[in-house]
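The text below goes through them in turn.

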2 protein chains.
Amino acid sequence: MDSPPVTPPACPFEKRFPSQLLRDDTFFMSLAYNQAIDAWRQDEVPIGCVIALDGEVIGSAHNTVESAHDPTAHAEMLAITQAASHLGNWRLENATLYVTKEPCPMCSGATLMSRVKRVCYAVPDPKMGCLGGATNLNDLPRVNHHLELTAGGVLETECRELLQAFFKLKRAEQA
Amino acid sequence: MDSPPVTPPACPFEKRFPSQLLRDDTFFMSLAYNQAIDAWRQDEVPIGCVIALDGEVIGSAHNTVESAHDPTAHAEMLAITQAASHLGNWRLENATLYVTKEPCPMCSGATLMSRVKRVCYAVPDPKMGCLGGATNLNDLPRVNHHLELTAGGVLETECRELLQAFFKLKRAEQA
């Protein structure tokens, strides 16, 4: 007999509806947060990313590692690919990347390779983060691009609570 | 008047034809080298990557950053996505990744995230390499996977000559 289909746990958090009139860091991080909610609803680790240029969104994605069976399908990677495709140019100069958690080793590297101007992340990650947490790839002296960093502070509590609640549920499922 | 079409410079190096009977590091690195030749023929930076599992190739790619307009389209990233798609599983446990140059910050991170067992690279890169060159992400204490590393020595001279000749030509074009 087949096992019953697995229903992803309902996400107890609601999306945010920021005003379109003030396009500040909180506005764009709210959109990244909404991507993270969408990730949870698909039973993916709730991390979201948005890339903005001149006040417009040019890339927006969430983690799809499990559904895509792809270890490279992190929110940041997908948003970077989208943004570069939109511009028709792999150099994302002057763009800002917003992400709900400090990028992992791979995604930290990708922010450097894509030459975004600034990275703004909500939740620092001392274990895996490579833009100030576990290490800072932005400090490698001979890498030919350096980022401006906004490390924590923008919707940090909201993004952390979302992640912590998801992992708490996952641990309970496995217990 | 339109500019004349740009013809990629002919690649003066030949592909390798290793025996299929001995599936050692030199065999798989030869296939990665052949991918790098294909990259050059498309006017892309000549770096190639092959992923092997149980003596079979499960991923094989070269850099396509320029043609794909995608800063994430490095050889390693594409080969990892291919291999995971082939297996239907994002965890590439027990696989070995062969690449003609030490992975950059992004790709070094991707080898960790994909959980390959071993990385074998031909040419060390003290400027951008993050598996021993500029830094070693494999040494981050709290990352939950560590790689076996074969750092240099396998077709190192051949892979270095290919890269150096390509960049020499590019500099001459720009002069």
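What follows describes the interface, its symmetry, and then a helix and a loop residue of chain A.

This is a predicted model, in which local features need pLDDT of at least 70, side-chain atom pairs count only at pLDDT 80 or more, and totals for chains, interfaces and linings use all residues. Residues are numbered from 1 along each chain as its sequence is written, chains are lettered from A and ligands numbered from 1 in the order in which they are written, and side-chain values use heavy atoms, with hydrogens and water left out.

Chain B and chain A each give 34 residues to the contact, where contact means heavy atoms within 4.5 Å. About 2800 Å² is buried between the chains, 73% of it from carbon and sulfur atoms; buried area is the accessible area (1.4 Å probe) that two parts lose on being put together, summed over both. On the side of chain B that touches chain A, the elements giving two or more residues are α2 (65–68), α3 (75–87) and α4 (105–113) of chain B. Helices here are DSSP runs (H or I, at least four residues) and strands likewise (E, at least two), numbered from the N terminus. Between chain B and chain A there are zero salt bridges, a salt bridge being a side-chain nitrogen of Lys or Arg within 4 Å of a carboxyl oxygen of Asp or Glu.

Chain B can be laid on chain A with an RMSD of 0.0 Å by a turn of 180 degrees and a shift of 0.0 Å along the axis. This is the relation of a two-fold axis. The superposition is by least squares on the C-alpha atoms of residues with pLDDT of at least 70 in both copies. Among the residues of chain B, B:M106 comes closest to the rotation axis, with its C-alpha at 2.1 Å. The copies meet through the same surface, because 100% of the interface residues of chain B are also interface residues in chain A.

In chain A, helix α4 (residues 105–113) is mostly covered, with nine of its nine residues buried; buried means under 20% relative accessible area, exposed over 50%, and partly exposed in between (1.4 Å probe, protein chains only). The cover over these residues includes α3, β3 (96–101) and β4 (118–123) of chain A, together with α3 and α4 of chain B. After α4(A) comes A:R115, with a positive phi near 60 degrees.

A:H74 lies in the loop between α2 (65–68) and α3 (75–87) of chain A. It counts as buried because its relative accessibility is 14%. Leaving aside neighbours within four places in sequence, A:H74 is in contact with A:N63, A:V65, A:C104, A:M106, A:C107 and B:M113.
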